[in-house]
Number of protein chains: 2
Amino acid sequence: MSVWCFTGIVAGSFSGPPSPTHNLCYAVCGKGCRHQLKTRTLAQSRRVAVREDCMTISRRNFARLAATSGAVAVASPAIAQGAIKWRLASSFPKSIEGLWGAGPTLAKYVNEMSDGKFTVHPFAAGEIVPGLQVLDAVANGTVECGHSYGGYYIGKNPTLIFDGSLPFGLTPRQHNAWYLYGDGKKLMDEVYDGMGVVSIPIGNTGGQTFGWFRKELKSPADFNGIKMRVAGFGGKVLSKLGVVPQQIAAGDIYPALEKGTIDAAEWVGPYDDEKLGFHKVAKYMHLPGVLELEANNGLYINKAKWAELPVAYQAMLRAACAYALMEMLAGYDARNPKALNRLVAAGAQLVVLSPDILKALRTALEQVLDEEAAKSEQFKRVLENWRAFRAEQHRWFWIADARAEMSVYALTAQ
Amino acid sequence: MSVWCFTGIVAGSFSGPPSPTHNLCYAVCGKGCRHQLKTRTLAQSRRVAVREDCMTISRRNFARLAATSGAVAVASPAIAQGAIKWRLASSFPKSIEGLWGAGPTLAKYVNEMSDGKFTVHPFAAGEIVPGLQVLDAVANGTVECGHSYGGYYIGKNPTLIFDGSLPFGLTPRQHNAWYLYGDGKKLMDEVYDGMGVVSIPIGNTGGQTFGWFRKELKSPADFNGIKMRVAGFGGKVLSKLGVVPQQIAAGDIYPALEKGTIDAAEWVGPYDDEKLGFHKVAKYMHLPGVLELEANNGLYINKAKWAELPVAYQAMLRAACAYALMEMLAGYDARNPKALNRLVAAGAQLVVLSPDILKALRTALEQVLDEEAAKSEQFKRVLENWRAFRAEQHRWFWIADARAEMSVYALTAQ
């Protein structure tokens with residue numbers, strides 16, 4: 001390769017998720033070409049600079065080079081062509097197309113609506129930054145925007161969980177209702193604003209299953225000592241019942257289950273879980289998925305980059321995100337039933353959690369929420385608002401839509 | 001008013017829905033100003049031309065005038081300024097803001113995204129054409145686009161019901177799944193294409209309540225002889241149980257109930273129904289709303305106008321419609337719970353339909369569907385596809401999301 005790749009490269013390596021100990025490293029240049037590097041250990045991949053296959057240059061080096069050479073026009077194609085080119089770092093691998101797909105859909109719409117004047121180039125988890133570092137990468141301007149899940153960053157700020165998903169929480173519809181017609185948007189905007197980020201809902205998986213276990217869970221005592229991959233506040237809740245929760249990226253879950261590093265895992269639902277192969281090593285799929293009635297995803301945008309954006313392009317992002325959200329949810333809903341049939345045919349066993357387990361989980365959740373509220377004024381303020389909204393929504397759906405659905409299914413779903 | 005209003009006026013009158021016998025007539029000129037006319041009887045308002053308050057001109061007269069004067073530049077601001085200006089005829093009055101709101105939201109987004117180069121001006125039911133004639137108005141080019149509900153036009157083509165809502169049918173999520181990831185879009189596009197229309201989902205009310213009755217319904221026999229305002233296939237299903245179904249626009253339902261012209265009515269749910277005042281004359285609100293788990297709305301676009309539209313503007317319409325859909329559903333979900341509380345406080349009685357009523361309704365539905373299929377090859381083809389998709393979706397939601405919701409609500413909604 002003889003061309004220099006100026007834009008789109010940050011010094012450092014880019015890791016994908018094929019193994020818990022080694023990363024398949026590669027770099028992506030500003031032209032969108034992807035350059036595969038050697039497999040490295042995690043420690044190596046955190047240190048190493050991208051040098052193979054493509055002559056790259058760090059941001060700092062580039063700034064120096066630009067100042068002392070004629071490279072500015074090459075460096076800023078956006079300015080030269082009157083176009084705006086953004087990179088989107090996704091928290092998800094391309095193989096999990098339901099989640100990954102929101103980035104390409106956003107890109108397609110924005111590109112079409114702007115006649116190619118505003119382009120967004122999506123990069124999979126690990127291509128620019130690891131999947132769980134997207135929020136930081138957006139906040140510090142490594143990328144203009146990212147697609148991620150608030151629940152990944154509760155170590156940074158637990159209040160972000162309200163933008164993601166909570167056990168015994170809101171459904172996708174209830175989340176949108178809180179966000180658009182309750183105080184959800186205002187409250188979440190405050191949280192993200194404090195991090196230098198603007199967030200727009202860009203996707204939702206719908207309800208998730210409770211998770212895959214090697215043994216059937218029959219009572220609350222059965223949770224004790226289980227090591228489980230579980231994201232968000234589900235981990236905090238389960239830890240009250242003796243679970244040791246772990247947050248592991250998609251591609252690393254199966255090897256961990258296989259090796260016995262963990263005993264159980266939840267990811268999303270039948271369609272994704274089937275691909276990841278959980279049923280082969282932990283065949284008991286537990287329901288109902290009370291830990292996640294939804295998982296709302298966000299388009300994270302660097303605050304300064306958002307402010308620079310023309311109003312027309314801001315509106316395009318909002319509208320394209322709404323389309324992407326609808327599409328992601330529809331994709332999961334359409335694919336999950338068929339995947340469930342295949343899983344059951346492949347030997348998966350469905351287990352319905354007992355009422356005493358559900359009750360114990362719910363009690364644990366409210367304890368966790370109260371504990372978090374005692375630690376953070378911001379969390380407390382959002383929690384109070386969210387709890388009041390939840391109470392109203394749950395009562396209404398219990399009387400109306402969910403009851404109507406179950407009445408219908410009792411006659412049609414046998 | 002001394003200016004002439006050239007654009008946006010079609011000869012004839014424009015009626016709103018305040019009474020079944022009289023219309024409050026007004027005209028809207030191309031500049032968006034609304035000119036109120038005298039109250040007229042329905043018969044008068046169908047005949048009368050708009051002359052008061054604003055000097056108007058019919059399309060035919062305008063063409064004559066334009067040909068013989070210097071008025072062309074005024075007549076075609078779109079061409080003069082390189083802009084595209086569309087009118088949107090809504091099937092809904094402004095007072096029902098949940099449904100009405102989709103038009104203004106679409107208009108806002110398209111205007112912002114195009115920097116004002118593509119504008120859509122929404123007109124309420126009756127301002128250009130009556131609410132139930134929007135499909136025709138779009139098909140014949142009276143307006144470039146409209147916002148309506150497929151179920152209003154089943155007299156024209158019963159297959160349109162699959163784009164709206166069916167008893168024991170799909171929820172909003174299931175509808176989107178069928179539309180985007182099943183064959184829904186392909187099949188519905190064929191139906192609309194045959195009418196010279198392109199349709200894009202633009203809104204959904206979510207699940208609706210079963211309806212308001214003067215007496216509690218205790219058994220299937222209680223339906224016999226009831227005259228009920230009910231839209232779509234709900235009417236066909238109820239007529240199997242002896243109901244005399246009637247399709248009446250929003251504003252005319254209350255007076256009909258009050259006078260006893262009808263005995264029962266369904267419109268949407270607590271928020272809208274409260275405004276329309278049904279509980280004051282028929283206090284028994286029946287649940288669950290198995291006749292409508294959703295009501296999907298469409299943006300109808302004249303096929304030739306769609307074909308003329310730049311790809312960028314087509315994409316804007318698709319994305320803006322997705323936003324409007326999310327917003328409408330969120331609005332209903334947020335507002336209905338509070339409205340239900342107010343209705344109950346005002347004396348409304350909630351009645352849950354018995355299992356034998358639900359079973360009778362479901363049996364009637366499948367009979368109605370089979371009868372329609374026997375009459376139309378197109379209906380039969382769509383029905384087979386839809387039934388297969390429904391079976392898969394209902395089984396999945398019965399196992400997963402709806403069950404998870406009910407498990408959660410059993411602990412949170414008391």
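Modeller: Let's begin with Ala339(B), which is partly exposed because 18 other C-beta atoms lie within 10 Å, and please keep in mind throughout that this is a predicted model.

Biologist: OK, and where does Ala339(B) lie?

Modeller: Ala339(B) belongs to helix α14 of chain B.

Biologist: Which residues is Ala339(B) in contact with, leaving aside its neighbours within four places in sequence?

Modeller: With those neighbours left aside, Ala339(B) is in contact with Pro270(B), Tyr271(B) and Glu274(B). Along the chain, Ala339(B) and Asp272(B) are 67 residues apart, while their C-alpha atoms are separated by 8.6 Å.

Biologist: Let's follow Tyr271(B), then. Is Tyr271(B) buried or exposed?

Modeller: Tyr271(B) has 23 C-beta neighbours inside 10 Å and therefore counts as buried, the cut-off for that class being 20 or more. Tyr271(B) is found in helix α12 of chain B, which covers residues 270-276.

Biologist: And what does Tyr271(B) touch, not counting residues up to four places away in sequence?

Modeller: Tyr271(B) touches Gly98(B), Tyr332(B), Arg335(B), Asn336(B) and Ala339(B) once those residues are not counted, and we have already seen that Ala339(B) lies in α14 of chain B. For another distance, the C-alpha atoms of Tyr271(B) and Val351(B) are separated by 18 Å, the two residues being 80 residues apart along the chain.

Biologist: How many residues does the contact take from each chain?

Modeller: The contact takes 66 residues from chain A and 66 residues from chain B. On the side of chain B that touches chain A, the helices that each supply at least two residues are α6 (102-113), α8 (172-181), α14 (311-345), α15 (355-375), α16 (377-399) and α17 (401-412).

Biologist: Which of them gives the largest share?

Modeller: That is α14(B), from which 20 residues of the side of chain B that touches chain A come, the largest share. By class, that side of chain B has 38 nonpolar, 14 polar and 14 charged residues.

Biologist: What about α17(A) and α17(B), at what angle do they pack?

Modeller: Helix α17 of chain A, residues 401-412, packs with α17(B) at an angle of about 130 degrees, and their axes are 10 Å apart, which means that α17(A) is oblique to α17(B). The crossing of α17(A) and α17(B) is left-handed.

Biologist: And which residues make that contact?

Modeller: From α17(A) the contact is made by Ala402(A), Glu405(A), Met406(A) and Tyr409(A), and from α17(B) by Ala402(B), Glu405(B), Met406(B) and Tyr409(B). Those residues divide into six nonpolar, no polar and two charged.

Biologist: Back to one chain: how many helices and strands are there in chain A?

Modeller: Chain A has 17 helices and 13 strands, and buried residues make up 55% of its 414 residues. Among the contacts in chain A between residues at least 6 apart in sequence, 73% join residues at least 24 apart.

Biologist: Last topic, the backbone. Where is there a cis peptide bond?

Modeller: In chain A, a cis peptide bond with omega of about -10 degrees joins Leu287(A) and Pro288(A), and Pro288(A) is found in the loop between β11 (284-287) and β12 (296-302). In chain B, a cis peptide bond joins Leu287(B) and Pro288(B), again with omega of about -10 degrees.

Biologist: And which residue other than glycine has a positive phi in chain A?

Modeller: One such residue is Asp115(A), whose phi is near 55 degrees, and Asp115(A) lies in the loop between α6 (102-113) and β4 (118-123) of chain A. Phi of Asp115(B) is near 55 degrees as well.

Key:
Residues numbered from 1 in each chain as written. Chains lettered and ligands numbered in written order. Predicted model: local features only at pLDDT ≥ 70, side-chain atom pairs only at ≥ 80, totals over all residues. Contact = placed C-beta atoms within 7 Å. Helix = DSSP H or I, 4+ residues; strand = E, 2+ residues; numbered from the N terminus. Nonpolar A, V, L, I, M, F, W, Y, C, P; charged D, E, K, R; others polar. Axes fitted to C-alpha atoms, helices over the stretch in contact; angles between N-to-C directions. Parallel < 35°, antiparallel > 145°, perpendicular 65-115°, else oblique. Left-handed = near helix turned anticlockwise from the far one by under 90°. Buried ≥ 20, exposed ≤ 12 C-beta atoms within 10 Å, placed from the backbone.
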